[in-house]
Amino acid sequence: MKTVGFIDYFLNEWHANEYPAMIRDYNQKHGTDYQFKYAWAEIDVPGGVTTKEWCKNYGVEPCATIEELCKKCDCVFVLAPSNPEKHLAYAEEVFKCGKNPYIDKTFAPDYQTAIQIYDLAEKYGVKFFSTSALRYADEIK
């Protein structure tokens, strides 16, 4: 079993809500055993579901820090898809822990920030990847 943790600006957004089922579906299709177990969010959804409530709904453990999450899990997803300005700080914390994360799109808010993320990955000797399901959208063609 490989454990998965989510890092987000706030949980209860589309990606955080959909990825657990996608992970389960992937396991069934490919015979793997990735288990979504941990989550950390910088803030609670303004006027909405708290991190603690969201974690309870998904049966995962909330972590107090990014470092705690990284220590407990094998795979890290850096989400915050609507807040790419947060990715640099989140990525640095994950890289310091030696993890190779998936960083959700939009990867960086600008070119300079993207370069900083790449530089940090090199500094800490880690790899990461980013992608978007939109690459499959017929509208892009």
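The structure holds five salt bridges, a salt bridge being a side-chain nitrogen of Lys or Arg within 4 Å of a carboxyl oxygen of Asp or Glu. The model is predicted: local features need pLDDT of at least 70, side-chain atom pairs count only at pLDDT 80 or more, and totals for chains, interfaces and linings use all residues. Residues are numbered from 1 along each chain as its sequence is written, and side-chain values use heavy atoms, with hydrogens and water left out.

One of the bridges joins K86 and E42, at 3.2 Å from N to O. K86 sits in the loop between strand 4 and helix 4 (87-96) and E42 in the loop between strand 2 and helix 2, so the pair ties together parts 44 residues apart in sequence. Helices (H or I, at least four residues) and strands (E, at least two) are DSSP runs, numbered from the N terminus.

K72 bridges to E61, with the closest N and O atoms 2.3 Å apart. Because K72 belongs to helix 3 (residues 66-72) and E61 to strand 3 (residues 61-62), this pair ties together parts that are 11 residues apart in sequence. E61, E68 and K72 are linked in a network of salt bridges.

Within helix 4, E93 and K96 lie three residues apart, about one turn of the helix. Their side chains meet in a salt bridge of 3.6 Å, N to O.

Turning to helix 1, H15, A16, Y19, P20, I23 and N27 are buried, that is, under 20% relative accessible area (1.4 Å probe, protein chains only). Helix 1 is followed by G31, whose phi is positive, near 70°.

Terms used: Buried means under 20% relative accessible area, exposed over 50%, partly exposed in between (1.4 Å probe, protein chains only).
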